[in-house]
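Okay, thanks for making time, everyone. I'd like to walk you through some charged pairs and then a hairpin. Let me put it on the screen.

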Amino acid sequence: MGRFTLPRDLYHGENALAELSNLKGKRAVLVLGGGSMKRFGFVDKAVEYLNKAGMDVKLIENVEPDPSVETVMTGAAIMREFEPDWIVAMGGGSPIDAAKAMWVFYEYPDTSFEDIIQPFSFPTLRTKAKFCAIPSTSGTATEVTAFSVITDYHKGIKYPLADFNITPDVAIVDPALARTMPPKLTAHTGMDAMTHAIEAYVSTLHCNYTDPLALWAIKMIAADLKNSYEGDMEARKNMHDAQCLAGMAFSNALLGIVHSMAHKTGAAYSGGHIIHGCANAMYLPKVIAYNSKVPEAAERYAQIAKFLHLEGESTKDLVKALIQMLRDMNDQLNIPQAIKYYGEGGVKADTSIIDEKEFLAKLPEVAKNAIGDACTGSNPRQPSQEDMEKLLLAVYYDKEIDF
Ligand code: FE
């Protein structure tokens, strides 16, 4: 038996934000990040629409990037006092992810964070509120997924929470919000979306329901990301839809070891974070080469290449063409091909902010953590400790994969 879960309603396209005025309820909290939504006037608009719907609105502001357990608990306490029947989260991945977790502790005050770390173990939600998500970046697709990433800073661990209970009820995918993204964020989030779609397509849990979404997302991202990065707002609009399609696919098919490696290398080094989307963009070509040693996976990658009309007769040549296309995209987006060239903020540099000695010293531990990541189970090839160490060396030095 398979399960395929999406939001009940998805509003997309110009002026989709106005659908907030058709929500039915008495009170709404609006969960927000650092302030860009306010600066660009979207907070005022959202409040106006919610008021028009007859709701009182309370703002929960300043959710930080990589939101903490404390932020989640504080927000949940505000919700318990205000008693909203709608939780509306607007912004990048962080405020939406935080709001999803707040929702759990609003409805179940006696539950602890430890109780929900285990995937698919959440209590039944929607006893007090429904959830509406409005993304302003084109990458995480958290508006349609069953996932939320919350960081326990005391333990120094990022927890990917997973449960279909936190798949939103309503997603509003309005391209106006995505127009505010600067180019670098557009590049990184766009390659995150590409990785979601490709990993979902070759995942061991892929199915007839997720395949068309993944393939179409890949086609759109291949066609539109570069133009979106260069400021073409029609392409930006397409990217906002494409990342959402990718999200529908991976929320149900799950991901693979590109994400396992990105999760566990992200905050592992003292030189700075490796930005999630940028890490995925660097690791994806190497993981494709590694996974394609499994014939079934190679066949799936070749199907993607054919769908994109890439050149090649044999499966091997088609996989190669796909890898080359992704590397070309990295070049066009000013994304480094390997950690060795990873500069501050994820731009290409001659010297990496990730120290080579530290990287090598932490190699066994990071490899072990990556193997243990929740995304490894659905990867088409299960890596040994030796494989994962070699993969990590390959993504540091931009080495060929020959194992
Ligand atoms: Fe991702």
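So, with which residue does glutamate 61 form a salt bridge? The partner is lysine 38, and their closest N and O atoms are 2.7 Å apart. By salt bridge I mean a side-chain nitrogen of Lys or Arg within 4 Å of a carboxyl oxygen of Asp or Glu. Glutamate 61 sits in the loop between strand 3 (56-60) and helix 3 (69-82), while lysine 38 belongs to helix 1 (residues 36-39), so this pair ties together parts that are 23 residues apart in sequence. Helices here are DSSP runs of H or I with at least four residues, strands are runs of E with at least two, and both are numbered from the N terminus.

Quick housekeeping before I go on. This is a predicted model, where local features need pLDDT of at least 70 and side-chain atom pairs count only at pLDDT 80 or more, though totals for chains, interfaces and linings use all residues. Residues are numbered from 1 along each chain as its sequence is written, and side-chain values use heavy atoms, with hydrogens and water left out.

Back to that pair: glutamate 61 is partly exposed, at 36% relative accessible area, and lysine 38 is partly exposed as well, at 44%. For the cut-offs, buried is under 20% relative accessible area, exposed is over 50%, and partly exposed is in between, using a 1.4 Å probe and protein chains only.

How many salt bridges does the structure hold? The count is 12. One of them joins lysine 264 and aspartate 373, at 3.0 Å from N to O. Lysine 264 is in helix 9 (residues 257-266) and aspartate 373 is in the loop between helix 13 (356-372) and helix 14 (385-397), so here the tied parts are 109 residues apart in sequence. Lysine 264 is partly exposed at 25%, but aspartate 373 is buried at 4%. There's also a network: Lys286, Arg327 and Asp398 are joined by salt bridges that share partners.

Then we have aspartate 9 with arginine 8, a salt bridge at 3.2 Å, N to O. Aspartate 9 is partly exposed at 26%, and arginine 8 is exposed at 66%.

Last stop, the hairpin. Strand 6 (residues 147-152) and strand 7 (residues 157-162) pair antiparallel over 6 bridges; pairing takes at least two DSSP bridges between the strands. Isoleucine 150 stands opposite tyrosine 159 in strand 7. Between the strands there are 4 residues, and glycine 156 takes a positive phi near 65 degrees in this hairpin.
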